[in-house]
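I opened my notebook to look at how two chains meet. I wrote down each thing as I looked it up.

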Amino acid sequence: MLTGWKDFDDTLRTLDRLQRRAGLVLEPFEPFGSRERVRLRARAPWPATNVFETKESFVVKAEVPGLAEGDVSVSVEEDALVIRGERKAVVPEGYRIHLRERAPGAFTRKLPLPARVDADAVSATLSHGVLTVTLPKAREALPRQIAVKVG
Amino acid sequence: MNEVTSTHSNGTAPAKAYHRRAAAPSVDVFENADELLIVADVPGVPNDGIDLQVQNDTLTLTARRPQPSESPALVREYEETDFVATFRIPAGIDTAAIAAETKNGTLVVRLPKAAAAKARKIVVRPRSGD
């Protein structure tokens, strides 16, 4: 059930949180008053993803601002939805960096599916930087009404 | 790219209190000789959901997401809140010429430098005889 959706990289995330805390402590002591402040956000799972369930399907929404259609791919592999893509570093040429929070980089997110889906009927759309993947449940995963007979 | 209209006012009226839940967007700030460039992540916000206000030396960005009408989430890593950010506009920016556009869930705001603030190129000539 829901536990099936637990992400694979929980351990990494915990490590990251610790690192982030350590970073917060150390930051004020940074000896270099670097004019180019590069402040990349900690590596929380990217893209952030929400999963909804309806009667007939699962709907996965991922925030991928800055990505165009060619930058992201969606596939169903075994029992998981895999979202791959890359947010390119877009420092315009000849510009100085004052602040950098929008981390670039390639990503792969593998989300285990809690029930069988009809892989051929999966559809995905990208709108205003939000990827929406609709995964219709396989027939055997749909709720079935069981007739109760009078004995 | 879609153009965004921004509102200008020079009054001293305080910004209207914001009652919806909002988060700060991730932001990049770049600069060259001609302009400052702000790039903000505003995923899920359509073009008409973006409001930019210039008041004195403050630029306020408000990006409203349409209200979600989803079934309960199995997993929720992000809240579909609005985005709000304020920036102090440095001296030497031509605030009347600030322009913005949206693309793929990002907002790009261009703040052109006033002509006087642009670095002048000084030609260094050798003194005759050197």
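I started with one side-chain pair: Asp41(B) and Arg87(A) are joined by a polar contact of 2.9 Å. By polar contact I mean a pair of N or O atoms within 3.5 Å; within protein, one must be able to donate a hydrogen and the other to accept it, and residues adjacent in sequence count only if both atoms are side-chain atoms. The side chain of Asp41(B) also makes a polar contact with that of Arg102(A), at 2.7 Å.

I noted the ground rules. This is a predicted model, where local features need pLDDT of at least 70, side-chain atom pairs count only at pLDDT 80 or more, and totals for chains, interfaces and linings use all residues. Residues are numbered from 1 along each chain as its sequence is written, chains are lettered from A and ligands numbered from 1 in the order in which they are written, and side-chain values use heavy atoms, with hydrogens and water left out.

**Asp41(B)**

Where is Asp41(B) found? I found Asp41(B) in strand β5 of chain B, residues 35-41; strands (E, at least two residues) are DSSP runs, numbered from the N terminus.

Is Asp41(B) buried or exposed? Asp41(B) counts as buried because its relative accessibility is 6%, and buried means under 20% relative accessible area, exposed over 50%, partly exposed in between (1.4 Å probe, protein chains only).

I listed what Asp41(B) touches, leaving out residues up to four places away in sequence. Pro65(A), Arg87(A) and Arg102(A) are among them, and so are Phe83(B) and Gly105(B). Contact means heavy atoms within 4.5 Å.

**The whole interface**

I then looked at the two chains together. In contact are 40 residues of chain A and 37 residues of chain B. The chains bury about 3,000 Å² between them, 52% of it on carbon and sulfur atoms. Tyr95(A), Arg102(A) and His128(A) supply 22% of the area that chain A buries against chain B, more than any other three residues. Buried area is the accessible area (1.4 Å probe) that two parts lose on being put together, summed over both.

How many salt bridges does the rule find across the interface? It finds seven, each a side-chain nitrogen of Lys or Arg within 4 Å of a carboxyl oxygen of Asp or Glu. Asp28(B) and Arg100(A) meet in a salt bridge at 3.5 Å, N to O.

**Strands across the chains**

β5(A) pairs with β4 of chain B (residues 27-31) in the antiparallel sense, over four bridges. Strands pair if DSSP finds at least two bridges between them. Leu99(A) has Val29(B) as its bridge partner in β4(B).
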